[in-house]
Amino acid sequence: MARPRQALLTRERIVEAASALIDAEGLDALSMRRLATELGVQGPSLYNHFATKAEIVDAVAESVVAQVDIAVFTGGDWREGLRLWAKSYHAVLTAHPNIVPVLATGPGRRPAGLAMAEAVYGALIDAGWSRARATHIGALMRYLITGSALGSFALGFAADPELYDERYPHLHRAHELAAHRDAVDEGAFELGLDLLITGLTERYDQGVRR
């Protein structure tokens, strides 16, 4: 009886397995040996597709950014496009928080990252913002989106009511924040996005676009 054929090893399978491993255990858990074990192959076979671990991490980052909806900028108002894109990007990063430190450094040479930057920057330029101000807005949006996904504000406080004694009278309920993580973290992102777009809209309507 013939032995069952092993599933063909492809770049897509490698990236999918690496992404799942990073999601579950973080960037430090990824190694060529560990990834080969997860895929049920010998380590050297990975090098037929990727020369280094860094290339795999870059490919994972590319696959994550490719999930962000940039079609929202097609033919619509720049403010609505900016809002919908930010929410989509935030949702994707929230689903893959362990890759955020890689994405926070910028698009580098990744096609999906550059396509996203082109879509955002192009929409702002087409709306009448100067190149310099469009660059600032793009940077500001990335700070808000990636920063909000890098860590949870609510989980940053210890769940120990005795810690917040008379020395910190205004933090007497800080130990409860973790139980309301979604409301706190998502609420903060939504508020920041609203304030940012409102402020930009005021400047835009006043003709201050440089």
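Which helix does Ala 36 lie in? Ala 36 sits in helix α2. This is a predicted model, so local features need pLDDT of at least 70 and side-chain atom pairs count only at pLDDT 80 or more, while totals for chains, interfaces and linings use all residues. Residues are numbered from 1 along each chain as its sequence is written, and side-chain values use heavy atoms, with hydrogens and water left out. Helices (H or I, at least four residues) and strands (E, at least two) are DSSP runs, numbered from the N terminus.

At 3% relative accessibility, Ala 36 counts as buried (buried means under 20% relative accessible area, exposed over 50%, partly exposed in between, with a 1.4 Å probe and protein chains only). Leaving aside residues up to four places away in sequence, Ala 36 touches Val 41, Gln 42, Gly 43 and Leu 46, where contact means heavy atoms within 4.5 Å. Helix α2 spans residues 32–39, and its buried residues are Met 32, Leu 35, Ala 36 and Leu 39. They cover an arc of only 100° around the axis, which puts them on the same side of α2; the arc is that of the directions from the helix axis to the C-beta atoms. What about the face turned away from the buried side of α2: which exposed residues does it carry? Arg 33 and Thr 37 are found there. The cover over the buried residues of α2 includes α1 (11–25), α3 (43–46) and α4 (53–65). Just after α2, Gly 40 takes a positive phi of about 70°.

The axes of α1 and α4 come within 9 Å and cross at roughly 85°. That makes α1 roughly perpendicular to α4. Here axes are lines fitted to C-alpha atoms, for helices over the stretch in contact, and angles run from 0 to 180 degrees between N-to-C directions. Angles under 35 degrees count as roughly parallel, over 145 as roughly antiparallel, 65 to 115 as roughly perpendicular and the rest as oblique. On the α1 side, Ile 14, Val 15, Ala 18, Ser 19 and Ile 22 meet Ile 56, Ala 59, Val 60 and Ser 63 of α4. By class, this contact of α1 with α4 has 7 nonpolar, 2 polar and no charged residues (Ala, Val, Leu, Ile, Met, Phe, Trp, Tyr, Cys and Pro count as nonpolar, Asp, Glu, Lys and Arg as charged, and the others, Gly among them, as polar).

Now for helix α9. Helix α5 (residues 78–95) packs against α9 (residues 181–205) at about 155°, their axes 11 Å apart. The two are therefore roughly antiparallel. Their contact takes in residues including Trp 78, Arg 79 and Leu 82 of α5 and Phe 189, Leu 193 and Thr 201 of α9. Sorted by class, the contact of α5 with α9 has 8 nonpolar, 3 polar and 7 charged residues. Thr 201 is buried, at 17% relative accessible area, and touches Trp 78 and Arg 79, not counting residues up to four places away in sequence.

Helix α8 (residues 131–150) packs with α9 too, at about 170° and with the axes 10 Å apart. Again, α8 and α9 are therefore roughly antiparallel to each other. Among the residues that meet are Ile 137 and Leu 140 in α8, and Phe 189 and Leu 196 in α9. The contact of α8 with α9 divides into 9 nonpolar, 2 polar and 2 charged residues.
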